[in-house]
Amino acid sequence: MPSVQSQIFNDKIWVLKKDSELKCFCSLIDTEVVIPIVGSFLTYRNERGNGYGTQLLSKVSNEIVKELGEVWLMSDKNSPDLTQFLLKLDINQYMRLKT
């Protein structure tokens, strides 16, 4: 998939690996207002509960906040697993888009 390779080569996909094995990943989506959106956040189901998602989201978020002052996260409100994860991290919800 050329678009995925292009994103990887431009530092648009962040991954967390342990022992050379991919545990979770997320992508950065460019926006017109400069601040990128963290999206496509996934921790493989069998790796959940090990702190990998928290580590990755913290690292990515801290890097963006250092550079731009804030970070935006796009999530699927219909995903109960992701909703629980974000609530545990105390992620503030500022805006909901109608689908």
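Ser 40 lies in strand β3, where strands are DSSP runs of E with at least two residues and helices are runs of H or I with at least four, both numbered from the N terminus. The phi of Ser 40 is near 50°, a positive value in a residue other than glycine. Most residues other than glycine have a negative phi. The model is a predicted one, in which local features need pLDDT of at least 70 and side-chain atom pairs count only at pLDDT 80 or more, while totals for chains, interfaces and linings use all residues. Residues are numbered from 1 along each chain as its sequence is written, and side-chain values use heavy atoms, with hydrogens and water left out.

Val 34, in the loop between β2 and β3, has a positive phi of about 80° although it is not a glycine. With 59% relative accessibility, Val 34 counts as exposed; here exposed means over 50% relative accessible area, buried means under 20%, and partly exposed lies in between, for a 1.4 Å probe and protein chains only. Asp 19 takes a positive phi near 55° in the hairpin of β1 and β2, which has two residues between the strands.

Stepping back to the whole fold, the protein has three helices and four strands, and along the sequence these follow the pattern α-β-β-β-α-β-α. Of its 99 residues, 24% count as buried. The accessible surface comes to about 7,600 Å², with 52% of it belonging to carbon and sulfur atoms; such areas come from the Shrake-Rupley method with a 1.4 Å probe, and for residues only the protein chains shown count as cover.

The four strands form an open sheet in the order β1-β2-β3-β4, with mixed pairing, where two strands pair if DSSP finds at least two bridges between them. The edge strands are β1 and β4, each of which pairs on one side only. Strands of a sheet pair through backbone hydrogen bonds, either parallel or antiparallel. In this sheet β1 and β2 run antiparallel and are joined by six bridges. Trp 14 has Cys 26 in β2 as its bridge partner, and Val 15 stands opposite Phe 25 in β2. Thr 43, in strand β3, is buried, with a relative accessible area of 9%. Leaving out residues up to four places away in sequence, Thr 43 touches Lys 23, Cys 24, Arg 48 and Gly 53.

Gly 53 leads on to helix α2, as one of its buried residues. This helix covers residues 52-68, 17 residues in total, and reaches 24 Å from its first C-alpha to its last, close to the 24 Å expected at 1.5 Å a residue; the expected span is 1.5 Å times one less than the number of residues. The buried residues of α2 are Tyr 52, Gly 53, Leu 56, Leu 57, Val 60, Ser 61 and Ile 64. Seen down the helix axis, they fall within an arc of 140° and so line one face of α2, the arc being that of the directions from the axis to the C-beta atoms. An α-helix has 3.6 residues a turn, so residues three or four places apart point the same way. The cover over the buried residues of α2 includes β1, β2, β3, β4 and α3.

Setting aside neighbours within four places in sequence, Val 65 is in contact with Glu 70 and Val 71. Just after the helix, Gly 69 takes a positive phi of about 90°.

Note on methods: Contact means heavy atoms within 4.5 Å.
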